[in-house]
Amino acid sequence: MKMVSFSSSQTNPKVYHSLQEIDGLSCARCGRKTITHKKIQEERHKIELDAKQAIDKLSQKENIDSVAFHLLKKLSEDSPQKTVREIVAQENAQAALSQLCEEDKKEFRHLVKNATKMALPAHLALKKIEEYKTLINPNKQIVFEELEVLAQKNKDKTLSEILKMPEVQEEYKAKAKHCITTNNLSPRCRRNNPFRFFAQNKNEDDKTIVEKLISGLENTFEHVKRNSNNGQRVQSNGITLCFDCNNYIKERKYPDVIDEFPQMRENTQKQIDEVIEYINDGELINHENYPTEIKQRLYDESEHIINIDISKMKK
Ligand SMILES: [Zn+2]
């Protein structure tokens, strides 16, 4: 057994303990690059305003004479390039905070909470997550493109501000309705009606809107032997699917899934090839038996349709 200290997972070379920790693994069904939950959280934070801008904006609606406000302002002036969230995590901020009375601490937390919600204008926020635009599912791509047009028309507004505009809500309510009648959809159908996104998210904050756009790519654990069939959540019974595919497959059986989408066979092979490379490079630890185990499990559960080649595994 390889001995690896936990600290080494923070530095190069990176060490993973499960498939779900790996960013960029191909989805075993659709073949798109998946992203980790951690990565999605990082993307959410990318749209935060820097501290100076956040505090300028905050000063328009909060009590700027409070002790807490002065402290936050001072801290942000010391680190103008950072976001409020980064500043508050610093040691000097924690030390200064510990000097405050309970009342001021409470006010400080309130200000921080509001400051970290301050987001970049929509056109800049969308730029930050542009790399996902071609990866997200076709419906979300339509939403992304519609948001880009709206963002150009409303350059000073954030995503959540745009979604709250009555004229935007009106416009997309009409588009959603049109989509229902022309495609003969059920009124609640979300999958084939991208325009429902606008009504559904009109009360969400900016970070949540960003998350909703990209979360379909999140990697999820797929029970190869189904949960409902006593399949366990252990790695030898798990492959990685993007959230969209996992949501789609649900309890469907693999022969049916492959019938509908034959590329799943090659995409599963692609994922296992990637995993084998991580194992061979020593970056995915304690998974030496995984390829053999998952090969058998996939073979059994797919009624012998998926037969993975694991010969790339180093002996
Ligand atoms: Zn997928």
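View 1. Lys 46 is partly exposed, with a relative accessible area of 33%, where partly exposed lies between buried (under 20% relative accessible area) and exposed (over 50%), computed with a 1.4 Å probe on protein chains only. Its partner Glu 43 is buried at a relative accessible area of 0%, and the closest N and O atoms of the two are 3.0 Å apart; a salt bridge here is a side-chain nitrogen of Lys or Arg within 4 Å of a carboxyl oxygen of Asp or Glu. Both residues belong to a network of salt bridges that links Lys 39, Glu 43, Lys 46 and Glu 131. This is a predicted model, in which local features need pLDDT of at least 70 and side-chain atom pairs count only at pLDDT 80 or more, whereas totals for chains, interfaces and linings use all residues. Residues are numbered from 1 along each chain as its sequence is written, and side-chain values use heavy atoms, with hydrogens and water left out.

**View 2. The salt bridge between Glu 48 and Arg 85.** The side chains of Glu 48 and Arg 85 meet at 3.0 Å, N to O. The pair links distant parts of the chain, 37 residues apart, with Glu 48 in the loop between helix H1 (37–45) and helix H2 (51–58) and Arg 85 in helix H4 (residues 84–89); helices are DSSP runs (H or I) of at least four residues, numbered from the N terminus. Glu 48 is buried at 6% relative accessible area, while Arg 85, at 32%, is partly exposed.

Methods
Helices (H or I, at least four residues) and strands (E, at least two) are DSSP runs, numbered from the N terminus.
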